[in-house]
Amino acid sequence: MKNLQHLKRVSDYHTLANIAAPEHPLISLIDYSQVQYPSDTEALTWKQDYYTIGLKRNIAHKLFYGQQAYDFDEGVMTFVAPKQVMRLGDNPNLKSHKPSGWLLLIHPDFLWNTSLATRIKQYDFFGYSVNEALFLSEKEEQMMLELLQNIRREYQSNIDQFSQKIVVAQLELLLNYAERFYERQFITRKISNHQILGQLEEVLSRYFQEDYVTEHGIPTVQQVADRLHLSPNYLSSVLKSLTGQSTQQHIHDKLIAKAKEQLSSTSLSISEIAYGLGFERPSSFTKLFKNKTELSPLAFRKTYN
């Protein structure tokens, strides 16, 4: 990628943003009003090796994470995992406003030898589609700010054997609150989420109508999510909140529905149906069908004869 900068350390972002060096090499809470990016933001693209948690207002840039943009027109909290490519773009609606807020950078090395080192990867919102950033009430925003300030006070104080534990405890509390607020956000956005459910049904129907599965095999969760312009984790989270099932389970349900249709209305053999639905082996089809219906394909067909 042209002009891609690789920010390996927390200090590398400080240099990019033209702010003083961090007080701790592995963690830093940045006052976003002090950030000064280079003037040519259109050419500013970077890959970062640290986690970023942002709570910002009046941001004069749009941050592209993947192919879509975070929208900072309102108070919003954002979560970015390591190894992601970031890009800045202009936000002309906010050119006259002074940006404010906070940006917490945590290098994975800071989490070594803590339970959060592994568990932080289980928070789905680090992989969410960026148009689903976390919106907060004033009370919730103040709660998150207090946790961020607690983290900074701890790493700024004299480092001792308890410092890492206390910072990690505050960070884990912040992430758990974020998980709760995201769940609330899913519930309060039922209309848009139900639209996603309808779009999923259309996408899966097209896969079968276009004979895609016959030529290319069963669609993957990634392929389905890409068609919906969502991340796989976010799509599965929405579906689970609405239906209790993951994207993979929805794909399987569509396969079984199509199989039932062919078993009950055609004379195709079990093998022909299996291959036509994208299975590499008829035995895999039979196993999934029996798992879903408690009947083998042949037994199901006999109920219609």
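Analyst: Let's start with residue classes: Ala, Val, Leu, Ile, Met, Phe, Trp, Tyr, Cys and Pro count as nonpolar, Asp, Glu, Lys and Arg as charged, and the others, Gly among them, as polar. This is a predicted model, where local features need pLDDT of at least 70 and side-chain atom pairs 80 or more, while totals for chains, interfaces and linings use all residues. Residues are numbered from 1 along each chain as its sequence is written, and side-chain values use heavy atoms, without hydrogens and water.

User: What classes make up the lining of the second largest pocket?

Analyst: A pocket is an open set of points on a 1 Å grid over the protein atoms alone where a 1.4 Å probe fits, with protein on both sides within 12 Å along at least five of seven lines; lining residues have an atom within 4 Å of a point. Here, seven lining residues are nonpolar, four polar and three charged.

User: Which residues lie nearest its centre?

Analyst: Of the 14 lining residues, H14, S28, L29, I30 and D31 do. β2 gives the most to the lining, four residues; strands like this are DSSP runs (E, at least two residues; helices are H or I, at least four), numbered from the N terminus. Both β2 and α3 give two or more residues to this lining.

User: Which strand does β2 run antiparallel to?

Analyst: Strands pair if DSSP finds at least two bridges between them. β2 is joined to β9 by five bridges, antiparallel, and D31 stands opposite W102 of β9. β4 also pairs with β9 in the antiparallel sense, over seven bridges, and there W102 is the bridge partner of L55.

User: How many residues of β9 are buried?

Analyst: Buried means under 20% relative accessible area, exposed over 50%, partly exposed in between (1.4 Å probe, protein chains only). In β9, six of the seven residues are buried.

User: How many residues has the largest nonpolar core?

Analyst: Such a core is a set of buried Ala, Val, Leu, Ile, Met, Phe, Trp, Tyr and Cys residues joined through side-chain atoms within 4.5 Å. The largest has 34 residues, and I53, F79, F126 and L175 have the most contacts inside it. Elements supplying at least two residues each include β2, β9 and α3, but α4 gives the most, with eight. Another core lies apart from this one, with 30 residues, including L200 and F208.

User: Is S267 buried or exposed?

Analyst: S267 counts as exposed because its relative accessibility is 72%. You'll find S267 in the loop between α9 and α10. Its C-alpha atom is 9.7 Å from that of R301, 34 residues away along the chain.
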